[in-house]
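Me: I am new to this structure and would like to get to know it. Could you walk me through it with a few questions and answers?

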Amino acid sequence: MAKNLLDQAKEIEPKVISIRRIIHETPELAYQENNTASLVENELKRLGIDVKRGVGLPTAVIGELDTGKEGKTVALRADMDALPIEEMTDLPFKSKVKGIMHACGHDTHVAMLLGAAELISRNKDLLSGKVKFIFQPAEEEGSIGGAKPLIEAGVLNDVDYVFGLHVSNSYPSKAFITRKGAFMAIPDSFKIIIRGKSGHASAPHNTVDPVFISAQIVTALQAVRSRITDPVQPFVLSITTIHAGTKDNIIPDEAIMEGTIRSLDYKVREKAITYTKKIVESICTGFDAKCEVTFSQDVYPLTVNHPEVTDEVMDHLKHIPGSVVLEGDPILGAEDFSRYLQVKPGTFIFLGTRNENTGSIHPNHSSKFTVDEDVLKYGSTALALLAIAFSRKK
Ligand SMILES: [Zn+2]
Ligand SMILES: [Zn+2]
């Protein structure tokens with residue numbers, strides 16, 4: 001079946017690539033995926049698939065194909081949002097929207113899922129039960145994201161299994177990478193406001209200098225990694241912004257810093273949050289500054305792939321000729337697909353797109369990110385294969 005699906009995916013490949021290129025040229029940011037949603041809706045309707053728009057979020061599109069036969073309901077999810085990045089590639093179909101780019105490959109996710117929808121509707125006889133196509137807005141939002149409102153609107157209520165695929169230039173072209181259990185991190189972000197006392201740069205003893213204090217904090221917080229959390233547990237803390245001051249001869253009143261901690265374990269995370277606050281507060285107290293440390297609420301949970309389902313997924317994908325299936329290491333990136341996996345069993349899978357020959361070597365979220373389009377047919381095949389196989393499960 002896998003070979004047969006791949007052969008059919010090769011037939012529809014030019015169309016899938018052209019859909020991808022249209023979306024790539026006209027990227028839309030989170031919550032604004034209106035044209036992408038319309039393209040998806042039209043394409044699903046063309047395939048005779050029932051479509052609902054605006055479920056949970058205005059730009060969400062949910063397709064449903066019901067065979068009428070008894071069986072399981074399998075959900076396949078593609079995210080649709082682009083990033084606020086100016087595209088720096090030479091692609092002929094490079095972004096036409098200034099400052100916005102599909103730098104995470106969500107354009108390919110939409111195209112691959114539409115390709116899978118075509119394969120599934122062509123091979124309806126092989127299916128049982130139902131397939132749900134979830135075209136989700138706003139994956140890149142970092143805290144709440146698009147998955148949550150969709151789940152709250154009931155998108156997963158009748159679903160038995162849920163699968164998601166993500167392209168990545170961290171892995172070789174045409175490789176499928178996944179892992180049982182904890183796969184991707186909890187992405188907490190934080191903000192630190194240091195309130196000092198402004199004054200002349202020549203007389204620091206009459207001020208409370210928030211710039212100096214912020215430098216102590218940057219250095220000291222690395223101890224959360226090196227001295228507070230268990231060294232064998234994956235964990236990272238990065239300070240990513242520092243804003244302070246207006247002029248060379250003024251010590252400012254305030255400095256504002258932001259950063260993120262990434263962990264794969266809830267206990268490690270709690271300890272890291274506690275000590276991040278404690279260290280910042282004690283440094284500020286030591287230098288007579290006031291401070292506020294706030295962590296964002298309702299962040300994406302840990303991405304945990306269901307062990308047995310993931311074993312089965314890997315077995316199925318091994319049958320796709322020309323690809324490889326690898327067990328990946330846990331990574332400290334995050335995904336709001338984790339929210340689906342909190343509710344229903346399923347698997348999140350990476351599809352490698354790194355290919356030196358096509359110049360697809362820059363990481364996701366780079367302004368030079370490109371994908372090896374040769375992989376799209378493998379993505380469509382994988383999604384269709386999983387939908388068919390899991391719909392028939394007893
Ligand atoms: Zn991304
Ligand atoms: Zn992404």
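Reply: Gladly! A donor here is an N, O or S atom within 2.8 Å of the metal, and water is not among the atoms, so sites may look incomplete. Please keep in mind that this is a predicted model.

Me: Which residues are the protein donors of the zinc ion (ligand 2)?

Reply: The donor atoms lie 2.1 to 2.4 Å from the zinc ion (ligand 2). Along the chain, their residues are spaced C-x1-H-x59-H. They are C104 (SG), H106 (NE2) and H166 (NE2).

Me: And which are the protein donors of the zinc ion (ligand 1)?

Reply: For the zinc ion (ligand 1), the spacing in sequence is C-x35-E-x224-H. The distances run from 2.0 to 2.3 Å. The donors are C104 (SG), E140 (OE) and H365 (NE2).

Me: Which residue bridges the zinc ion (ligand 1) and the zinc ion (ligand 2)?

Reply: The two zinc ions lie 3.1 Å apart. The bridging residue is C104.

Me: How many residues apart in sequence are the parts that C104 and E140 tie together?

Reply: C104 sits in the loop between strand 3 (73–79) and helix 4 (106–122). E140 belongs to the loop between strand 4 (130–136) and helix 5 (147–152). The pair therefore links parts of the chain whose separation in sequence is 36 residues.

Me: Is H106 buried or exposed?

Reply: H106 is found in helix 4. Leaving aside neighbours within four places in sequence, H106 is in contact with D79, M80, D81, E139, E140 and H166. Buried means under 20% relative accessible area. Because its relative accessibility is 0%, H106 counts as buried.

Me: What does H365 count as, at 41% relative accessibility?

Reply: H365 is in the loop between strand 16 (346–354) and helix 10. Not counting residues up to four places away in sequence, H365 touches L83, I85, A103, C104 and E140. Buried means under 20% and exposed over 50%. At 41%, H365 is therefore partly exposed.

Me: Which residues does UniProt list for "binding site"?

Reply: The UniProt entry is unreviewed. Though spread over 262 residues of sequence, they cluster in space, with a largest C-alpha distance of 13.0 Å. Of these, the lining of the largest pocket includes C104, E140, H166 and H365.

Terms used: Residues are numbered from 1 along each chain as its sequence is written. Chains are lettered from A and ligands numbered from 1 in the order in which they are written. This is a predicted model: local features need pLDDT of at least 70, side-chain atom pairs count only at pLDDT 80 or more; totals for chains, interfaces and linings use all residues. Side-chain values use heavy atoms; hydrogens and water are left out. Donors are N, O and S atoms within 2.8 Å of the metal (3.2 Å for Na, K and Ca); water is not among the atoms, so sites may look incomplete. Helices (H or I, at least four residues) and strands (E, at least two) are DSSP runs, numbered from the N terminus. UniProt positions are given in the numbering used here, feature names are shortened, and annotations may be inferred rather than shown by experiment. On a 1 Å grid over the protein atoms alone, a cavity is a set of points where a 1.4 Å probe fits but cannot get out, and a pocket is an open set with protein on both sides within 12 Å along at least five of seven lines; lining residues have an atom within 4 Å of a point. Buried means under 20% relative accessible area, exposed over 50%, partly exposed in between (1.4 Å probe, protein chains only). Contact means heavy atoms within 4.5 Å.
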